[in-house]
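Colleague: I'm new to this one and need a quick tour. Start wherever you like, and keep it plain.

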Amino acid sequence: MPRNSADRTPRAWQRMLSGRRLDLLDPSPLDIEIEDIAHGLARVARWNGQTRGDHAFSVAQHCVLVEQIAVHVDPLLDRAARLAALLHDAPEYVIGDMISPFKAALGLDYKAFEHRLMAAIHVRFGLPAKNAAKLETAIKSADRIAAYLEATQLAGFTVAEAEKFFGRPKGLAGEGSAKFHKLKPLAPNEASALYVRAFRRLS
């Protein structure tokens with residue numbers, strides 16, 4: 001039988017392992033599950049996989065690291081702010097970890113899609129659709145520190161190169177800071193479990 005016009009419509013949803021179907025053009029908070037996010041992020045490699053170790057350093061681990069850095073720098077961050085830090089790259093469970101120059105090349109349509117998906121994720125987990133400016137600045141600062149640590153420990157950057165691109169880390173001194181200097185890429189299932197544990201602690 002010939003295919004009708006509906007059959008020729010490009011599919012714009014992705015089926016998740018949870019069974020949810022996420023509409024990529026109009027993502028609904030009801031179709032977002034933390035286990036799907038964790039599973040996806042644990043299988044997305046930071047630095048395009050160009051890191052030392054038996055496994056890639058995943059976006060799931062990166063997000064946990066950013067949340068840890070954010071609260072280390074500012075111990076007064078509340079749970080909602082810390083959860084926002086953990087979720088800051090959550091859209092990448094669908095779109096992958098694109099390097100910044102490629103995002104810029106794709107232009108506003110890509111950013112608009114990313115923002116819609118992030119808003120749906122935030123609403124799903126009880127956060128404002130958009131972070132307040134002060135919190136967004138704090139998360140971006142923690143993100144840059146995480147990038148510096150990953151670059152120098154795992155991705156082969158010299159200290160001088162990392163400082164040029166990400167700045168010199170500030171606020172990592174004191175008790176508990178040693179863990180930031182012992183990054184070890186985990187297997188995907190371990191990274192996924194780590195992410196879910198962090199989420200459960202904060203939610």
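**Residues, loops and a helix pair**

Colleague: Let's start with Asn 48. Is Asn 48 buried or exposed?

Modeller: Asn 48 counts as exposed, because its relative accessibility is 53%. The cut-offs are under 20% relative accessible area for buried, over 50% for exposed and partly exposed in between, with a 1.4 Å probe and protein chains only.

Colleague: Before we go on, what am I looking at?

Modeller: This is a predicted model, where local features need pLDDT of at least 70, side-chain atom pairs count only at pLDDT 80 or more, and totals for chains, interfaces and linings use all residues. Numbering runs from 1 along each chain as its sequence is written, and side-chain values use heavy atoms, leaving out hydrogens and water.

Colleague: OK, back to Asn 48. Where is Asn 48 found?

Modeller: In the loop between α1 and α2. Helices and strands here are DSSP runs, H or I over at least four residues and E over at least two, numbered from the N terminus.

Colleague: What is the phi of Asn 48?

Modeller: Positive, about 50°, although Asn 48 is not a glycine. Trp 47 is not a glycine either, and has a positive phi of about 60°. Trp 47 lies in the loop between α1 (34–41) and α2.

Colleague: What about Gly 53, buried or exposed?

Modeller: Gly 53 has a relative accessible area of 56%, so it is exposed. Gly 53 also belongs to the loop between α1 and α2.

Colleague: Zoom out for me. How many helices and strands does the protein chain have?

Modeller: Nine helices and two strands. In sequence order the pattern is β-β-α-α-α-α-α-α-α-α-α. The protein chain has 203 residues, of which 42% count as buried.

Colleague: And contacts between residues at least 24 apart, what share do they take?

Modeller: They make up 67% of the contacts between residues at least 6 apart in sequence. Contact means heavy atoms within 4.5 Å.

Colleague: New topic, α2 and α3. How do their axes cross?

Modeller: The axes of α2 (residues 59–73) and α3 (residues 79–86) cross at roughly 145° and come within 7 Å. On the α2 side, Cys 63, Val 64, Val 66, Glu 67, Ala 70 and Val 71 meet Arg 82, Ala 85 and Leu 86 of α3. Seven residues of this contact are nonpolar, two are charged and none is polar.

Colleague: Which residues count as nonpolar?

Modeller: Ala, Val, Leu, Ile, Met, Phe, Trp, Tyr, Cys and Pro. Asp, Glu, Lys and Arg are charged, and the others, Gly among them, are polar. As for the axes, they are lines fitted to C-alpha atoms, for helices over the stretch in contact, and angles run from 0 to 180 degrees between N-to-C directions.

Colleague: What else is in α3?

Modeller: Ala 80 is found there. Ala 80 counts as partly exposed, because its relative accessibility is 39%. Its C-alpha atom and that of Ser 203 are separated by 8.0 Å, though the residues are 123 apart along the chain.

Colleague: Last one, Leu 24. Where is Leu 24 placed?

Modeller: In the loop between β2 (21–23) and α1. A relative accessible area of 24% makes Leu 24 partly exposed. Leaving aside neighbours within four places in sequence, Leu 24 is in contact with Ala 12, Trp 13, Gln 14, Val 94 and Phe 113.

Colleague: What separates the C-alpha atoms of Leu 24 and Ala 12?

Modeller: 5.7 Å, for residues that are 12 apart along the chain.
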